Amino acid sequence: MQERQGDEQMLAGKFLVRGIIYYTRTDITAPDARLRVLAKTEQPFWAAHPIPVVVWKKGLRDFLNEYPSAIATLRKSDWQTFAREDGFAGREALAEIGENVVVRALARKPSTPVPEPAK
């Protein structure tokens, strides 16, 4: 998480989120804890948990419409799923640790409107 910029949002896969909470000392009960779980379902754990969930690809797009960037820790298999999504497109992993990667997701800049030709 050394790559995190200031108070940047954090995304973590469901298998990594507990470690992120521990090592960053994130208070997940804070109103905006700056940490979200990136998961395939709204309830990724066996029991209810207070960590907000970003649900897969659509959730990632919505999340990045609200926040300009996030540092993400994912399993390599999940990273391969997201590598071509707008937030991660063209991004290289900042770090690879075993079967996990750290990568930055960036909000897609709105496309510049194409000017109409002069008449």
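I began with the side chain of Arg104, and found that one of its polar atoms lies 2.4 Å from the backbone oxygen of Glu3. I note for myself that this is a predicted model, and that the distance is computed from its atoms.

Next I looked up where Arg104 sits, and the answer is strand S6, which covers residues 100-106. Is Arg104 buried or exposed? I found a relative accessible area of 7% for Arg104, and because buried means under 20%, this residue counts as buried.

I then listed what Arg104 touches, leaving aside residues up to four places away in sequence.

Which strands pair with S6? I found that strand S4, residues 69-75, pairs with S6 in the antiparallel sense over 7 bridges, and one of the partner pairs I looked up is Ala72 with Val103, the latter being in S6. Strand S5, residues 95-97, also runs antiparallel to S6, and 3 bridges join the two; here I noted Ile97 standing opposite Asn100 of S6.

Last, I followed the chain between S5 and S6, which form a hairpin with 2 residues between them. In that turn I found Gly98, whose phi is positive, at about 60°.

Terms used: Residues are numbered from 1 along each chain as its sequence is written. This is a predicted model: local features need pLDDT of at least 70, side-chain atom pairs count only at pLDDT 80 or more; totals for chains, interfaces and linings use all residues. Side-chain values use heavy atoms; hydrogens and water are left out. Helices (H or I, at least four residues) and strands (E, at least two) are DSSP runs, numbered from the N terminus. Buried means under 20% relative accessible area, exposed over 50%, partly exposed in between (1.4 Å probe, protein chains only). A polar contact is a pair of N or O atoms within 3.5 Å; within protein, one must be able to donate a hydrogen and the other to accept it, and residues adjacent in sequence count only if both atoms are side-chain atoms. Contact means heavy atoms within 4.5 Å. Two strands pair if DSSP finds at least two bridges between them.
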